[in-house]
Amino acid sequence: MLMYKHKPNTKRFAAVDLDPYGCPSVFLDSAVQSVQDGGLLLVTATDMAVLAGNSPETCYSKYGAALRIMLQCIESHANRYGRYTTPLLSISADFYIRVFVKVYSGAIHCKKTTSKLSMVYQCTGCDNFTLQPMGAFKPNPTEKNPQQMKAYLPAVPPVGEFCVNCNQRHHLGGPLWSAPIHDEAFVARVLTHVEDNMHLFGTARRIMGVLSMVREELQDVPLYYTMDKMFGRVHLETMPMLVMRSAILNAGYKVSYSHASRMSIKTAAPAQVLWDIIRTWEQIHPVKQAKLEADIVAKFIIKQEVKTPIDLTERQDANPSSRREGRVRFQFNPTPHWGPGSRAAVNVGDDKMSKSIKNQNKYSKSKKNAKRQHSSSEDDERKKANTGGETAL
Ligand SMILES: [Zn+2]
């Protein structure tokens with residue numbers, strides 16, 4: 001209500017910081033209207049499930065898509081009022097995500113929004129993702145204006161019916177924000193400010209670590225691969241990150257981490273190049289034949305011929321400077337149950353408790369899960385339900 005009362009131009013806020021319990025989406029409509037032109041909107045979300053709406057779970061939980069779904073969501077709210085946003089900094093940390101965007105007025109600029117959004121085709125077999133931009137610009141020079149650009153609708157679809165890497169089909173998710181999610185100049189300024197004033201910030205070292213990683217991220221590569229998922233897909237132990245990064249650089253592509261995951265690989269290299277690296281690695285560390293025979297997707301991937309010349313030789317520049325300098329990059333959760341607790345009423349209610357106990361019978365039906373059940377007593381389940389652990393979420 002406060003934000004709605006501050007909709008008129010003269011009453012708008014210079015900055016609005018939304019940090020609600022759970023999902024911020026219900027506050028976005030008023031928030032985007034109550035920030036002044038060029039003002040700052042800060043949004044924190046701990047519950048991405050609601051914000052992501054109908055997108056499949058896999059889409060918002062993987063590849064750094066959560067931040068981009070949130071940015072798309074804010075932009076779509078802003079566009080309804082002839083306003084648009086520019087991201088300054090977008091952070092995924094611990095159990096929450098937080099974005100910093102500037103809000104501007106100008107209906108004419110809202111037309112450009114589609115060129116900043118994409119749908120994403122996600123392979124059901126190998127998890128590979130392919131972006132489908134919702135709009136784009138191409139040069140349209142005229143005598144009057146040689147720099148003129150023209151909007152057009154890109155042709156669809158960007159993938160065939162079956163994934164070229166693993167021969168499976170796709171799911172469709174999105175839309176998500178596929179334009180840059182950080183403003184490099186802004187990030188550099190914040191980093192310098194924190195470095196010069198460390199005594200003002202209790203977590204200065206952590207802020208500096210995260211911002212250093214953010215600065216190293218490839219801005220023009222929206223999503224990222226994760227090493228453990230790719231190697232797990234073909235039943236291999238994960239290779240050292242340095243070797244993977246070196247191999248990508250040796251193949252002629254840039255590579256960076258995402259600040260959001262220690263196993264992340266951001267690169268413009270096609271998935272086929274990454275699989276070629278993994279296939280080359282597999283020649284030295286073979287997958288057990290029985291595992292391949294039992295998994296047609298893994299077999300399809302591993303048995304493909306290596307088409308890219310692969311060189312696994314490690315190189316110095318594969319080690320990012322944030323790592324060489326020993327910055328605090330990824331933080332482990334400091335205590336058990338660290339994170340957003342669930343609402344107390346939901347957790348301690350009788351219904352929740354009986355549901356948790358009721359569910360235990362389901363597990364014991366299968367032999368495999370009965371084994372797991374053995375190590376997790378009923379008391380443990382109760383404890384989880386009471387402390388807002390995984391059961392409650
Ligand atoms: Zn695939």
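The model is predicted, so local features need pLDDT of at least 70 and side-chain atom pairs count only at pLDDT 80 or more, while totals for chains, interfaces and linings use all residues. Residues are numbered from 1 along each chain as its sequence is written, and side-chain values use heavy atoms, with hydrogens and water left out.

I start with the whole protein. There are 18 helices and 12 strands; these are DSSP runs, with helices (H or I) of at least four residues and strands (E) of at least two, numbered from the N terminus. Of the 393 residues, 45% count as buried, meaning under 20% relative accessible area with a 1.4 Å probe, protein chains only.

Now the zinc ion. Which residues coordinate the zinc ion? They are Cys-123, Cys-126, Cys-163 and Cys-166, each through SG, at 2.2 to 2.3 Å. Donors here are N, O and S atoms within 2.8 Å of the metal (3.2 Å for Na, K and Ca); water is not among the atoms, so sites may look incomplete.

The angles between the 4 donor atoms run from 92 to 115°, which makes the arrangement tetrahedral; for four donors, that label requires all angles to lie between 85 and 135 degrees.

Along the chain, the donors follow the spacing C-x2-C-x36-C-x2-C. Distant parts of the chain are linked here: Cys-123 is in strand β5 (residues 117-123), and Cys-163, 40 residues apart from it, is in the loop between β8 (149-152) and β9 (170-177).

Are these two buried or exposed? Cys-123 counts as buried because its relative accessibility is 1%, and Cys-163, at 5%, also counts as buried.

How values were computed: Tetrahedral: all angles 85-135°; square planar, octahedral: opposite > 155°, others 65-115°. Buried < 20%, exposed > 50% of the residue type's maximum accessible area, 1.4 Å probe, protein only.
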